[in-house]
Structure formats: C-alpha cells, structure tokens
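Please consult the sequence and the structure shown here alongside the text.

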Amino acid sequence: RQRQMCIRDSPFKMNAGDFFGEPYAATPGTVLNISVVAEEDCDILFLNIKRLLMSCPTACDHHQKLIRNLVSVLANKILILNDKITHVSKRSTRDKLLSYLSSESVKKSSLSFDIPFDRQQLADFLCVERAAMSVELSKLQKEGLLKTNRNHFELKQSKSKLRNAPWNLRFADAKHRIKKQVKSRNLWRNTVCLLYTSDAADEAR
C-alpha cells in the first residue's frame, strides 16, 4: 500500500521507500528546521547514517545499492530546490508562472502537460498569492499564450506570437521542437560527467 508524507513549506511529497532528514543527519550540529506530516498512518524506519555511509566488511551489493539510492535521492532534491529558486527569484507573479510552466514543458517534452499541484499548492510553491496568480493566468489565456484546465496546461505558440512572447516560453517551444527533431534522428547518446578538483586533474595527467 502506498503511503504518503509531506514536508511542510516544501515542494516534496514522499511515498513509500523515500528518505527524509538525510542532509541534517549527515551534517552534525545542524538544527533540524523541517516538519514532516503524515497524510495517513505509516511506518518510519530509522537508519543510522554513520553505519549507512561506512562500507561493511563484506562490501555487499545491498549496502552499495542503498548508498547509490541515497545519493540519487539527494541529487533529485537538489535539482528540485534549484528549480524552485530559479522560479521564485523572478520579480513578478507573471514571470514566476512563465518560468515554472516553461520548465515543466521542457521536462515533459511537450507543450501540453499536467503539473503535480492544484491552484493553492502552485501558489504556495511559487510563493505568491493565489488571487494574484489566478489573475495572471487569466491574462495569459486572454493573450493566447496558454490554455489551462485545473492542473492541465497547454502552451500555445503561433508563429506571429512567438516573436513577441516572453523568452522563457520561446525557449520552451524551441527546446520542444529541437528535442523532437533529435529523437526522430536517433541521435541521443548517454552522457557521463566526471566531477574532479584541479589537483586531481593534474595528477591524472
């Protein structure tokens, strides 16, 4: 059975098997400043992060997989927070909306997509007033830049409007078209990035 938990004042909603509190556990002395609320009865498994991060003598596959999963969870949360900072740092409610919607369009590789928020949740996520956000959504629809029904959005771009559209909607439209072209030519390749310090690079040479 899937059980969900939410972290207050956070874009995160957790399902069975997810982690929470790991940044604080991994940083001794850090004050825990989050509240976690369960939407229904659930079980919580407490893990000692010191034992988790230390390889066991047998170097078992299960332990290594657990560490990889933890790193993956942390990386995903960093990406989510980075996206949120990008959106909420915009000056106006309109710009915050356009930044978020264009980002979701790029992620879904489509100009038509669903978002994981209702109107109030979206307003909270973007740190804006719901009423002001609703006004801006109505304006964007009247301008023909998008259509929306509940949590479904469709970015509308005609050639005549595209030249005068905000940069982030032009970017979403262009990224969507480029991605479709690349997929049709089967040009996708797996990419691996190596993170290193300058000293490590010098030693490798």
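The sections below treat the chain as a whole, then a sheet with its packed helix, and then a pair of helices.

## Overall composition

The structure is a predicted model. Its chain contains 9 helices and 6 strands. Of the 205 residues in the chain, 27% count as buried.

Among contacts in the chain with a separation of 6 or more, 55% come from residues 24 or more positions apart.

An open sheet is built from 3 strands in the order 4-6-5, with antiparallel pairing. Strand 4 (112-114) and strand 5 (146-149) are the edge strands, each of which pairs on one side only. On average, and with direction ignored, neighbouring strands of this sheet are turned by 15° against each other.

Strand 5 is joined to strand 6 (residues 152-155) by 4 bridges, and these two strands run antiparallel. Within this part of the sheet, Lys-147 stands opposite Glu-154 in strand 6.

## Helix 4 on the sheet

Helix 4 (residues 93-108) packs on the sheet and touches strand 4, strand 5 and strand 6. The direction of helix 4 makes about 100° with that of strand 4. From first C-alpha to last, the 16 residues of helix 4 reach 23 Å, which is close to the 22 Å expected at 1.5 Å a residue.

The buried residues of helix 4 are Lys-96, Leu-97, Leu-98, Ser-99, Tyr-100, Leu-101, Ser-102, Ser-103, Glu-104, Ser-105 and Val-106. The list thus includes the charged residues Lys-96 and Glu-104. Just after helix 4, Ser-109 adopts a positive phi of about 55°.

## The pairing of helix 5 and helix 6

Two packed helices are described by the angle between their axes and the distance between the axes. For helix 5 (residues 119-126) and helix 6 (residues 130-142), the angle is about 105° and the axes lie 9 Å apart. Angles of 65 to 115 degrees count as roughly perpendicular, and helix 5 and helix 6 are therefore roughly perpendicular to each other.

On the helix 5 side, the contact is made by Arg-119, Gln-120, Leu-122 and Ala-123. These residues meet Arg-130, Met-133 and Leu-137 in helix 6. By class, the contact of helix 5 with helix 6 comprises 4 nonpolar, 1 polar and 2 charged residues.

Definitions and conventions
Residues numbered from 1 in each chain as written. Predicted model: local features only at pLDDT ≥ 70, side-chain atom pairs only at ≥ 80, totals over all residues. Heavy atoms only, no water. Pairing = 2+ DSSP bridges. Axes fitted to C-alpha atoms, helices over the stretch in contact; angles between N-to-C directions. Contact = heavy atoms within 4.5 Å. Expected span 1.5 Å × (residues − 1). Buried < 20%, exposed > 50% of the residue type's maximum accessible area, 1.4 Å probe, protein only. Parallel < 35°, antiparallel > 145°, perpendicular 65-115°, else oblique.
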